[in-house]
Structure formats: structure tokens, C-alpha cells
Amino acid sequence: MGLTLTEKILKAHLVDGEFVKGSEIGIRIDQTLTQDATGTMAYLEYEAMGVPRVKTEKSVAYIDHNTLQSGFENADDHRFIGSVAKKHGIYFSRPGNGICHQVHLERFGIPGKTLIGSDSHTPTGGGIGMIAIGAGGLDVAVAMGGGAYYITYPQIVKVNLTGKLNDWVSAKDVILEVLRRISVKGGVGKVMEYCGEGVKTLSVPERATITNMGAELGATTSIFPSDEITQAFLKAQDRGDVWTELKADDDAVYDEVIDIDLGSLVPQAACPHSPDNVKNMEEIGKLKVDQVCIGSCTNSSYVDMMKVAYILKGKTVDPSVSLAIAPGSKQVLNMLASNGALATMIDAGARILESACGPCIGMGQAPNSGGVSLRTFNRNFLGRSGTKDGQIYLVSPETAAASALTGYLTDPRTLGEMPKIQVPEQFKINDNMVVAPAAPEDMDSVEVLRGPNIKPYPETAPLVENIECQVSLKVGDNITTDHIMPAGAKILPLRSNIPAISQHCFTVCDEDFPRRAKNMGRSIIVGGSNYGQGSSREHAALAPLYLGIKAVLVKSFARIHRANLINAGILPLTFVNEADYDKINQGDEIAIENVRGDIQACKTQLTVKNKTTGAEIPVLCELTGRTKDIILAGGLLDYTREQLSK
């Protein structure tokens, strides 16, 4: 029986565990990446481990999130990250060099390698045949220190692509179709492996769009084969020497198959407020548009930008629309400036933003009250744009540009003949905004620079014998990390200051939650299904940790957030019977007796006693030997210190 591409790479990197579906495996990590919204905390955690120099083949620290410097906080964080990177063997991508996933694809990613990043859209690297996985910052810190990264051995889904995309239908429409079919939780515990004759019709930037937004499926990662198209892309980046051919065996066996005829797809949009609320143009109907934003790590490649420039050439943006464009990297921006495409965009009335995440994470460009904003981004969660009642639609660059000209949601197929824009044979190479680390013999002389906003990791403690406390919050299904720990220009600068940022925890759902939880001293949170979907931000676990949350009891978890809770020493519990969700309410007094002893004894079913109502609720606490030890120790940082001391 042959192997899938996913299995080949995972087996080549296996350091712990066995290949049994649903069991935990540890894999060796070749590369890591961080971005500045998660990076400061990740590097504070790395320092706490006491490993002098990273042990990965390549680690890169990017500055792309908190680039609005309206106060000292962001600038101080960037200075800290730059200094710690120089000292510990990490490459530093300076502000303005571009979005981490776009730059990593261009300049650092290697087919067949493993990559974890403290950003949920790290699977972008799957576009060139990497196993690239989003993770919490502490997991990335451990990998930089030489530790394995642990995942549940996934189910592998074959996404069989046939045919070819019609004119004005894009890679964005492919991933929107997958989301429409299987939802934002349909990929949990799975790797989406793209195969079939249709793969050959997609360029690397198109493949990267699909793997990037595969994060919205809840998937562990997504991956394409590494073929002659991958080789041509890497050659154009002067990195042809790192290419190797990688593909699944012809007789590989998959857990599931999804067939997609590319020729049958039409332009689509994800409607408010979820990436899987997908409809075609006809279903949405005539929709007045107030704002259009083009960019993000999903759709900011050179090819995407050239299509936008072609659509805008010689035309003017509708006066009722604000059009903002953010090329994904300095390389892309430089090439657009050199060939005149940037002038075309400016002539049309576009506002050119720097090569950064920008409005995708709520860092500026918030739409008007109740405004309709078309965005080429990957998430449209309620309030993420910075405007609470903003109506955010996720679309392709082609749809976005066409709509900016008309002022209404516009099917790009009305534009006539589509241009044949190809990946260039040679990209413009200039890595002068990537700072190399100090040589090993010079690292001791490098001073790490810390600003006053940088606070230490929250205090942790070993798991207690009994948990007795109140329920500080009860929430419903599909709670995102944007609900738990909002982003945006006002909050993101506090990412290195857990006491300060915790005051915004869950305020999207309940403005009084931070004060109530802190006053309770210790408490638990109750939630519905797919709790913690979205970003990899570990702050969605660290802020609750600081506020005294001891356990989270839900119907089901999103993968990364559950791992982050364990890393923070917060007990992840799920209902045995989902109907029991109705037996516990905010404010109820609960008790979990002998919890430490039961977990030490490897019991997977515990009992939550609702002392307010008298109900006894069976819950699952499914921890492996390693995650059990992490919880008992009080979190991954404590556990890692213990292991290093041995």
C-alpha cells in the first residue's frame, strides 16, 4: 500500500509515537516563523527555557502585524524581537519587508521540510510541498529549542482537482468551495492533500492561496505536491537548488475524497460573519459596496496584484468606494513599482498600504458604521475589521477590483477577455531587509533590549487536587479567538503585556468578564462546539490564565486553541453528552474533585458537580502521557524546564 505525500513527510520527521490514526506523534521541526503580535511572548518563553541558540535549520522572526506605531509599544516590541533574534540565531525580517507567509514562501520555504509558525496561516507553505502548521508561540519556542512538535496523527483527505478554472474564476473560489462544502470545522483533525490533473493548472501563488485559507477549515494543514511548477517558482526566486520532486504514491490510500471540477466553479463570496457562509453572485444579488481591501497573506502575490492592475488600468474607482491595496512583500511592491503597475493603481484612485497584514487583523481601514467591505482576506468574523457592525465579504482579487469600479458587488466575468498573467521567470531579489543573526562567537556580546510594556509570562502552578469555583462565562458555538482575545490597532500593542491585554478578554461577548473573572480569583468557562476557532494566538489562553481560569468545558475544541490551553496549564474538558451543556449556567458553583489524582491515574472521564443545581455532569479529559504531564506540571513552560533539568 502506497503513501500519501503527507505520510511521507511526517514519517521522515517522526521522533516520537506511532502512525496510528488519532494517536499523538512528535515530529522534528526544520523551520519556524513568528510574527510580532505573537513573537514577543514566544521569545520571552524561549529565553525562559535557557537554550542559548536555536537548533532548527532556519528560524525567522517577521514584523508584519503591529506596524502602526501610534505609541512606543509596537516599536519597543520590534526592537526587542530584533535584538533577541540576533542573539539567538534567528533571521529578522524588518518592518516593511512583508507578510510572513508571503515572504517565507518566496525566500525561505523548502519542499519536504516541516515548518511551524506562531500564526494560524502558516499552512501557506503547503503551496510548495511543505508540512507547514500553525501553532502557539510556546510550541514554536520549544521547537526552536530542539524539541519535537506534537500533533494528533491526522486523517488525510484527498481533494481531487480535475479540469481547469474558467476565465475570471480564481484560486480563492476553489477554497471558498471547499469551505462551502465542509464548513469551518470540517477539517478538524485532518490534512487536506490536493491531487489530480487540475493541480498542474495552478501556479504556486494560486496553490498558496488555497493552503493559506485552508486554516479556516480547522485543518491541521493543507499541502500540494512539489512538481515542475514548484521548481519553476523556486528557480525564479534564485532558489532552484532547494527543489525536490514530491508527490503521493499512485496507490496511496486516503481517509476521505472530495472531488472538485475546477471548470464548474463560479466566482463566490463568503458572507458575514463566517468564512463558510459562501454564496455565488446570483445568490447574493445587488449589493452596494462601501470599501474594498485587496491584500493579506491570502491574496497579495505578484500575480494577484498584476490582475488587479489590469482591471484598474485607465479607469477610476467609484467615488462612493474606498479602495485600499497592500502588496504582500517588498519584492512584490518593488516589482509593481518597476513595471508601472503601481502607478496604474494610484492613477485609478487606490490607497496604497505598506506590505503588512494591515486591515486583515483590524490594523487600520475599519469600514464605516454598518458598511459593506469586500476583502480578499481569509476571515470575516464579527468585529474583526474594527467596526462592530461592519459587513465583511471575502472575495477574490478579481471580484474585489471589478466591484471597486462599479460600487456594487460585481461578477468579474463581465469584464471581457481575461489577461494571461504568468508567474515571472525571474523575481526581483533583494533581501536587504532581512537581518542575519550574530555569529555564534559574537552572540554573548549582543544586548537584548526590553521596553516597559514587555511583561513576564503569567505565573503558573501545578494542577491542584480539587477545582472548586464558579462559572465566570457561558458562550455558544463557534467562539473564535477574536471573541476571546480581540485584535485591532488598540489591543494588539498590548500583546507583550498580559496583565493589560487581559482587560479586553471576551469583551466582545461580555464587557464585564475581565473584572468578574479577576474578582472570582479562580473560575471556569463553558462553551459550545468548535470553541477557539481562528487564530493561533496563545493570548486567547494566556489572558484567561492570568484571569484565573482553571478549566474550559465545551462541546468541542478547535485544534490550536485546545493545544494552547494545555500549554497554559488550563484543563480542556468536553461534554460526554452535549445536551448536558444546558445543565450548567454562568454563576453556578461547580466542583471537580480529586482531579489531579484522576488525571495522574490516566482517567479520561471526570465528573463535574454543579453544586448550584445538584447535577452531576460526566466530562471527557482526553490527555496523552505527554499532555497529561504538561497539565500536571502547570503548563508547557514548567514541563519543559523540568525536562531540560533532567
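Me: Is the crossing of H10 and H12 left-handed or right-handed?
Reply: The H10–H12 crossing is left-handed, meaning the near helix is turned anticlockwise from the far one by less than a right angle (clockwise would be right-handed). This is a predicted model, where local features need pLDDT of at least 70 and side-chain atom pairs count only at pLDDT 80 or more, while totals for chains, interfaces and linings use all residues. Residues are numbered from 1 along each chain as its sequence is written, and side-chain values use heavy atoms, with hydrogens and water left out.

Me: OK, at what angle do H10 and H12 pack?
Reply: About 45°, with the axes of H10 (residues 302–312) and H12 (residues 341–348) 9 Å apart. That makes H10 oblique to H12. Angles under 35 degrees count as roughly parallel, over 145 as roughly antiparallel, 65 to 115 as roughly perpendicular, and the rest as oblique.

Me: Which residues in H10 and H12 meet?
Reply: From H10 you have Met 305, Met 306, Val 308, Ala 309 and Leu 312, and they meet Ala 341, Thr 344, Met 345 and Ala 348 in H12. Contact here means heavy atoms within 4.5 Å. Eight residues of this contact are nonpolar, one is polar and none is charged.

Me: Switching topic: what about H6 and H7, how far apart are their axes?
Reply: Their axes are 8 Å apart, and H6 (residues 171–182) packs against H7 (residues 204–213) at about 30°. H6 and H7 are therefore roughly parallel to each other. H6 passes H7 in a right-handed crossing.

Me: And how many charged residues are in the contact of H6 with H7?
Reply: Two, along with seven nonpolar and one polar. Among the residues that meet are Lys 172 in H6 and Glu 206 in H7.

Me: How many residues has the largest nonpolar core?
Reply: It has 99, and Phe 506, Tyr 531 and Val 552 are among those with the most contacts inside it. A nonpolar core is a set of buried Ala, Val, Leu, Ile, Met, Phe, Trp, Tyr and Cys residues joined through side-chain atoms within 4.5 Å. Buried means under 20% relative accessible area (1.4 Å probe, protein chains only).

Me: Which helix gives the most to this core?
Reply: H5 (residues 137–144), with six residues. Apart from this core lies another, of 57 residues, including Met 305 and Leu 374.

Me: Last one: which residues of H21 are buried?
Reply: In H21 (residues 636–645), they are Leu 636, Leu 637, Asp 638, Tyr 639 and Thr 640. What covers them includes H2, H5, H18 and H20.

Definitions and conventions: Axes are lines fitted to C-alpha atoms, for helices over the stretch in contact, and angles run from 0 to 180 degrees between N-to-C directions. Helices (H or I, at least four residues) and strands (E, at least two) are DSSP runs, numbered from the N terminus. Ala, Val, Leu, Ile, Met, Phe, Trp, Tyr, Cys and Pro count as nonpolar, Asp, Glu, Lys and Arg as charged, and the others, Gly among them, as polar. Buried means under 20% relative accessible area, exposed over 50%, partly exposed in between (1.4 Å probe, protein chains only).
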